[in-house]
Amino acid sequence: MNLPMSTSQISEFVLEEGMLSFFELQQCLHEMTEGKYLDMAKENNNTRYNVTDGGMNLLELFEKHVPMNVRNKINKYVNENRANIKRAYETTANYFKDNQTSEYVVKCGIYEDDFMLMEVNLSVVSREQARDICENWKNNVSQIYGKMLSNLTSQSPSLSAKPRKSATKELTLLDLEHDGTGTA
């Protein structure tokens, strides 16, 4: 898929197709990570795996040894699920407890092809609020992003009512006071 996949996404496919048992899958993931064929990254309670260059080389070497019906099942799964998995990967929402303030910090983001579209960081007082924000972000990210972008790019009545000339004058006066030379 050329995307990091969570343990649950991998498990869902492998177990549903009866390819391995849960314990065999866990052992395989562990061995492939140890052998540097997979990179593993943990975020909160979520672990994601990404195929390394070494893993791609190994896959190319053994690809012909994988039965055609298994390759067809994998290709079908990729074609049917890539968009959903990509969307899940590109929308992040995590939280952690700040030990200094005892508050929870929530980090939400939207990415497209490794390019950050938006990140939002919030401090909240409870774990429940942090979880709710993460869940709402993931379930409503398109609407939230659209509303925030619209609100941030629309001309505010208080800003548009102020004449541009007086704003320039104020900046010039501030520059004169700050510079101390009397020149702008």
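**View 1. Confidence across the predicted model.** This is a predicted model, and the mean pLDDT of the protein is 82. A pLDDT of 70 or more is reached by 82% of the residues. Among the elements, helix α2 (residues 22-34) has the highest mean pLDDT, 95. Helix α7 (residues 164-179) has the lowest, 39.

**View 2. The stretch of residues 163-184.** Here the pLDDT is below 50. Beyond near neighbours in sequence, residues 163-184 have six contacts in the model. Where pLDDT is low, the predicted coordinates should not be read in detail.

**View 3. The open sheet of three strands.** The strand order is β4-β5-β6, and the pairing is antiparallel. At the edges stand β4 (91-97) and β6 (115-124). Each has a single partner strand, so one side of each lacks a neighbour in the sheet. On average, neighbouring strands of this sheet are turned by 15° against each other, direction ignored. Strands of a sheet pair through backbone hydrogen bonds.

**View 4. Strands β5 and β6.** Strand β5 covers residues 104-112. Nine bridges join β5 to β6, and the two run antiparallel. Look for Cys108: opposite this residue stands Val120 in β6.

**View 5. Helices on the sheet.** Helix α4 (residues 68-90) packs on the sheet and touches β4 and β5. The direction of α4 makes about 40° with that of β4. Helix α5 (residues 127-153) also packs on the sheet. Its contacts are with β4, β5 and β6. The direction of α5 makes about 150° with that of β4.

Terms used. Residues are numbered from 1 along each chain as its sequence is written. This is a predicted model: local features need pLDDT of at least 70, side-chain atom pairs count only at pLDDT 80 or more; totals for chains, interfaces and linings use all residues. Side-chain values use heavy atoms; hydrogens and water are left out. Two strands pair if DSSP finds at least two bridges between them. Helices (H or I, at least four residues) and strands (E, at least two) are DSSP runs, numbered from the N terminus. Axes are lines fitted to C-alpha atoms, for helices over the stretch in contact, and angles run from 0 to 180 degrees between N-to-C directions. Contact means heavy atoms within 4.5 Å. pLDDT is the predictor's confidence in each residue, from 0 to 100.
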